[in-house]
Amino acid sequence: MMDHRPRQFDLIVFDWDGTLFDSTALIVKSLQAACLDLQVPLPADRDAAYVIGMGLYEALAHLIPGLPPRQYEALIQRYRHHYFARQHELTLFEGVLPMLDAIKARHHWVAIATGKSRRGLNEALDTVQLRGVFDSTRTADDTLPKPHPRMLQELMGEFGVDPERTLMIGDTTHDLQMALNADAASLAVSYGAHEPAFFKDYQPRFVAHSVAELHQWLQEHA
């Protein structure tokens, strides 16, 4: 049966880690393992989770300020070593595939804006066999990292979509701030890296506590 309800958003942009992909715990452990390898201060779980969504260099500079650039580059290499060694164990959150199928069936453009590297995103998409599902993607390697609005601005420009017809969905305040900076709407999920108590100041339309809730909201409002 055809769905004739008016569409509020033409472009729906998802964050990847902690929003579609159940990777928060591995990112935290890999950041901590990299710090142990190079004998720099070990971040607490909460602090390591906070930087998820930033570009990797910016994340490490926030976690451990004041290191020389060469040491950040070494930390990045050690992080990638630990993360890629176990990325194949990760999965999409339950319910993501039918949600994406339903969005595509309503002919929204669907994109990803992530703080991951291009290699990291491509390998993750291959792992869960989603290469080609998204109409476009942006990573921290391609453009400026979150919360700068450039990722969303480039995606909106690619499809000729105005900010008021764009919805950003993510699990961190970095995602929500990026949406604000781009004058786009946002929606938050509470099952990822950041505590939902911090979301209110960023004016998300809704906070979903599961993929099922997210799917239902998109079906009814997007």
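1. The crossing of helices H1 and H4 is right-handed. This is a predicted model, and the points below should be read as such. H1 covers residues 24–38 and H4 covers residues 69–86. Their axes come within 8 Å and cross at roughly 135°. That angle makes H1 oblique to H4.

2. Next, the residues behind that crossing. On the H1 side, the contact uses Leu-26, Ile-27, Ser-30, Leu-31, Ala-33, Ala-34, Cys-35, Asp-37 and Leu-38. H4 answers with Gln-71, Ala-74, Leu-75, Arg-78, Tyr-79, His-82, Tyr-83 and Arg-86. Sorted by class, the contact of H1 with H4 has 11 nonpolar, 3 polar and 3 charged residues.

3. H4 also packs on helix H3, residues 56–63. Here the angle is about 115°, and the axes are 10 Å apart. H3 is therefore roughly perpendicular to H4, since angles from 65 to 115 degrees count as such. The crossing of H3 and H4 is right-handed.

4. From H3, the contact draws on Leu-56, Tyr-57, Leu-60 and Ala-61. From H4 come Pro-69, Tyr-72, Glu-73, Leu-75, Ile-76, Tyr-79 and Arg-80. The contact of H3 with H4 divides into 9 nonpolar and 2 charged residues, with no polar ones. Leu-75 and Tyr-79 deserve a look: both belong to the H4 side of the contact with H3, and both are also on the H4 side of the contact with H1.

5. Which helices each supply at least two residues of the lining of the largest pocket? They are H1, H3 and H4. H4 gives the largest share, 5 residues. The largest pocket holds about 360 Å³ of space. It is lined by 23 residues, of which Met-54, Leu-56, Gly-115, Lys-116 and Ser-117 are the closest to its centre. Leu-56 is also one of the H3 residues that meet H4.

6. The contact of H5 with H9 has 8 nonpolar and 2 polar residues, and no charged ones.

7. How many cavities of 30 Å³ or more does the structure hold? There is 1. The largest cavity contains about 30 Å³ of space. Its lining consists of Ile-12, Ala-102, Ile-103, Arg-106, His-108, Leu-218, Gln-219 and Ala-222. Of these classes, 5 residues are nonpolar, 2 polar and 1 charged.

8. H5 and H9 each supply at least two residues of the cavity lining.

Conventions
Residues are numbered from 1 along each chain as its sequence is written. This is a predicted model: local features need pLDDT of at least 70, side-chain atom pairs count only at pLDDT 80 or more; totals for chains, interfaces and linings use all residues. Side-chain values use heavy atoms; hydrogens and water are left out. Ala, Val, Leu, Ile, Met, Phe, Trp, Tyr, Cys and Pro count as nonpolar, Asp, Glu, Lys and Arg as charged, and the others, Gly among them, as polar. Axes are lines fitted to C-alpha atoms, for helices over the stretch in contact, and angles run from 0 to 180 degrees between N-to-C directions. Helices (H or I, at least four residues) and strands (E, at least two) are DSSP runs, numbered from the N terminus. Angles under 35 degrees count as roughly parallel, over 145 as roughly antiparallel, 65 to 115 as roughly perpendicular and the rest as oblique. A crossing is left-handed if the near helix is turned anticlockwise from the far one by less than a right angle, and right-handed if clockwise. Contact means heavy atoms within 4.5 Å. On a 1 Å grid over the protein atoms alone, a cavity is a set of points where a 1.4 Å probe fits but cannot get out, and a pocket is an open set with protein on both sides within 12 Å along at least five of seven lines; lining residues have an atom within 4 Å of a point. Grid points are joined across faces, edges and corners, and a volume is the space filled by probe spheres set on the points.
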